[in-house]
Amino acid sequence: MGKGATLSALVAAAAIWPWLADEARAANNAYAVDAADIAEAGSCKIESWLSSATNTDFTAVANPSCVVDPFKLKPVELSLPTNRARSDGEWGTSIAAKAKTNLVPTGIGKLGFSFYAAGAFDAATGENQTIAAVVPATLRLSETMRINLNGGWLWDRTSDRHFALYGIGFDWKFTDTLQWTIEAFGQVGSAEAPGTTRPRFQTGLRYRPNEIFSVDVIFGHNITGEGASWLTLGTTIRFPVEGGKPARERSGQL
């Protein structure tokens, strides 16, 4: 647990800043629709991905996260993604933070819920860009299939506009090492650019040969409201709890 405990401390220290930021499009690596489950307390992971769009937009994200339970009340997953992106030829860097906790555990045929609050800041100016609150729900159809539903609120502080968030996704682990995900998501509200409120779509394949490592290849469209198509390559490195159960033996974990 040495590495995991160290990373837990770093993420926890960052998360107690006097702000809570929006995720950099991160929910289970580069996927946008979050599941209700979280990992065991004391476990950590580092997610990273590169995304390139047909209009030359580009995103590179590194997202360390840990599950902590300092008061032995309820585990909380803390994440701190950093996003280096190019949009319309302009480069920018944002730093975000996210805190998520499970409220109702999932089960086969049972709908489980969690809650997360998040927000993002411009790394150069310190300006708060977005604040969000989301309720992810998961219905497990079997040990290998689940449906994820997301609903929430987003405040875009750069334009001072409020949006309702939505998302639906389906995960299917069809072999011991391969998982397919398809999802649609977006936001509803008043926006200057039409693409901002148009539905967004992603589908991807995950190869996970063991408990520690996985790689994702994802195709998406209109991911940031720009109307372009995206190709994403992502990786996840996990630091499980020493002596903990493998993910396949824990409820809700594909």
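Biologist: Over how many bridges do β6 and strand β7 pair, and in which sense?

Modeller: Happy to start there, with the reminder that this is a predicted model. Strand β7 covers residues 128-140, and L111 stands opposite L139 of that strand. The sense of the β6 and β7 pairing is antiparallel, and the number of bridges is 9.

Biologist: Which residue takes a positive phi in the hairpin of β6 and β7?

Modeller: That hairpin has 5 residues between the strands. The phi in question is near 80°, and the residue that takes it is G126.

Biologist: What about the other neighbour: how many bridges join strand β5 to strand β6?

Modeller: Strand β5 spans residues 90-104 and strand β6 spans residues 111-122, and the two run antiparallel. One of the paired positions is A96, whose bridge partner in β6 is A120. Their hairpin has 6 residues between the strands, with G109 at a positive phi near 75°. As for the bridges that join β5 to β6, the count is 10.

Biologist: Is N29 buried or exposed?

Modeller: The cut-off for buried is under 20% relative accessible area. N29 has a relative accessible area of 0%, so the residue counts as buried.

Biologist: Which cysteine does the disulfide join to C44?

Modeller: The count comes to 1 disulfide, with an S to S distance of 2.0 Å. It links distant parts of the chain, 22 residues apart: C44 in strand β1 (residues 44-53) and its partner in strand β2 (residues 58-68). Both cysteines are buried. The partner of C44 is C66.

Biologist: Why is that disulfide right-handed?

Modeller: The handedness follows from the torsion about the S-S bond of C44 and C66. The disulfide is right-handed because that torsion is about 110°.

Biologist: What is the geometry of the aromatic pair of F170 and W180?

Modeller: The structure holds 3 aromatic pairs, and this is one of them. The ring centres are 6.1 Å apart. Planes over 60 degrees apart count as edge-to-face, and these are at 75°, so the pair is edge-to-face.

Biologist: Which strands does this pair tie together?

Modeller: F170, at 21% relative accessibility, counts as partly exposed, and W180 is partly exposed too, at 30%. The two residues are 10 apart in sequence, and the pair ties together strand β9 (residues 161-173) and strand β10 (residues 178-188).

Biologist: How far from the ring centre of Y116 is the charged end of K98?

Modeller: There are two charge-over-ring contacts I can show you. R157 lies over the face of W155, at 4.6 Å from the ring centre. For K98, whose charged end sits over the ring of Y116, the distance is 4.2 Å.

Methods:
Residues are numbered from 1 along each chain as its sequence is written. This is a predicted model: local features need pLDDT of at least 70, side-chain atom pairs count only at pLDDT 80 or more; totals for chains, interfaces and linings use all residues. Side-chain values use heavy atoms; hydrogens and water are left out. Rings of Phe, Tyr and Trp (its six-membered ring) pair if their centres lie within 6.5 Å; planes under 30 degrees apart count as stacked, over 60 as edge-to-face and the rest as tilted. Helices (H or I, at least four residues) and strands (E, at least two) are DSSP runs, numbered from the N terminus. Buried means under 20% relative accessible area, exposed over 50%, partly exposed in between (1.4 Å probe, protein chains only). A charge sits over a ring if NZ of Lys or CZ of Arg is within 6 Å of the ring centre and within 35 degrees of the ring normal. A disulfide is a pair of cysteine sulfur atoms within 2.5 Å. Two strands pair if DSSP finds at least two bridges between them.
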